[in-house]
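Hello,

Here is the structure I promised to pass on. My notes on it follow below.

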Amino acid sequence: MKLSIIGGAGTLGAAVAFRLCQNKQVNELCLIDVNEPLLMNHIMDLQNAYPEKTIYKGSYEDLTGSSIVIITAGVPNRNDVKSRTEFLEGNIMLFNEFGKYIKKYSESAFIITASNPVDVLNYYLYREFGFKKSQLLGYTVNDSRRLEHSIRKVMSISEEKDVFSPVIGEHGNTQVPLFSLTQVNGKPFSIDADKQIAIREEITNWFIDFNRLNINRTTGWATASGIGKIIDGITNEEKIETVGSAILEGEYGINDISIGVPVSISLNGIESIQDWKLSNEELKHFRQSAETIRHLIEPYILKEV
Ligand SMILES: NC(=O)c1ccc[n+]([C@@H]2O[C@H](COP(=O)([O-])OP(=O)(O)OC[C@H]3O[C@@H](n4cnc5c(N)ncnc54)[C@H](O)[C@@H]3O)[C@@H](O)[C@H]2O)c1
């Protein structure tokens, strides 16, 4: 199976490439990046590590035949931003090019976007290039992983226990942690209001500490691990359940934006959007989060077509 990564030389793209080399179903990996020396550095290194795989520097024509195209390319990352939306203007220009060439050379591929702001860029591919909404998934799982990590810390839950606590909404400042659905070892786990505040503070502090390091690096390992798990699941011909940014058509009372929701996906893309029962408060915050995305989308994309 052939997969392609646009942005393959970056922190995230190279980590995803390394992670995908460990997937037995993936035998061909096409990596595209404007930073050709760095891209070749990664490719020559990966070829030695995984001689059984076909790994090469691609141009857009080489997207042909990809089952999945993963987009991790972006303008240079900075730790001094207040929101991921500060990357929007630069990245939308890049996506204008990526959308055009994916449409031309790999029209039916499942496209997984990680570049930020992921909700807006995922929607942009839909609106501007007419990909099917089922083909487009924005990667947002890290928000849930960070929530689960913080719950573990604040509630003193040991490593061998399994913590599940999903986050939906914007992959950004208005994201919605679903405390009402938190489970530990598969059983509902109640967290009182004071502890919820402490958990939110823990997440905020994580970002403060991470950005204070000021090395302009994103979360390559966590993200590559999350994308890798999704791709392991769907390349094994399974339907898997996850959260991700998807284009809504009435689900949760919301229309025509891309936002983090529970999805069921396969190699064909998004099979369905799940209808989770949220508390009234969570639903209210989710709808507010949707409005934030709508405001971001409006100046860039919403125009008569
Ligand atoms: N969704 C998530 O959870 C998540 C997590 C981490 C990072 N990200 C996002 O992923 C993106 C990449 O992050 P990173 O840390 O790897 O950044 P990076 O700067 O290390 O890598 C970006 C890569 O994109 C390449 N690039 C730029 N313009 C290009 C073009 N026109 N064609 C091909 N390649 C091009 C660059 O050369 C670079 O190698 C950012 O937008 C970041 O915010 C998202």
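A word on terms before the findings: helices (H or I, at least four residues) and strands (E, at least two) are DSSP runs, numbered from the N terminus. This is a predicted model, in which local features need pLDDT of at least 70 and side-chain atom pairs count only at pLDDT 80 or more, while totals for chains, interfaces and linings use all residues. Residues are numbered from 1 along each chain as its sequence is written.

First, the ligand. Its shell holds 30 residues, and the closest are Gly10, Leu12, Gly74, Asn116 and Thr218; a residue is near if its C-beta atom, placed from the backbone, lies within 6 Å. Two or more residues of the shell come from each of α1 (11-21) and α3 (88-105). The most come from α1, with 3 residues.

Then the sheet. It is open and has 9 strands in the order β3-β2-β1-β4-β5-β6-β12-β13-β14, with mixed pairing; two strands pair if DSSP finds at least two bridges between them. Because β3 (54-57) and β14 (269-273) each have a single partner strand, they stand at the edges, and one side of each is left without a neighbour in the sheet. On average, neighbouring strands are turned by 30° against each other, direction ignored. Axes here are lines fitted to C-alpha atoms, for helices over the stretch in contact, and angles run from 0 to 180 degrees between N-to-C directions.

Within this sheet, β6 (136-139) and β12 (240-249) are antiparallel and share 2 bridges. Tyr139 has Gly244 of β12 as its bridge partner.

Best wishes
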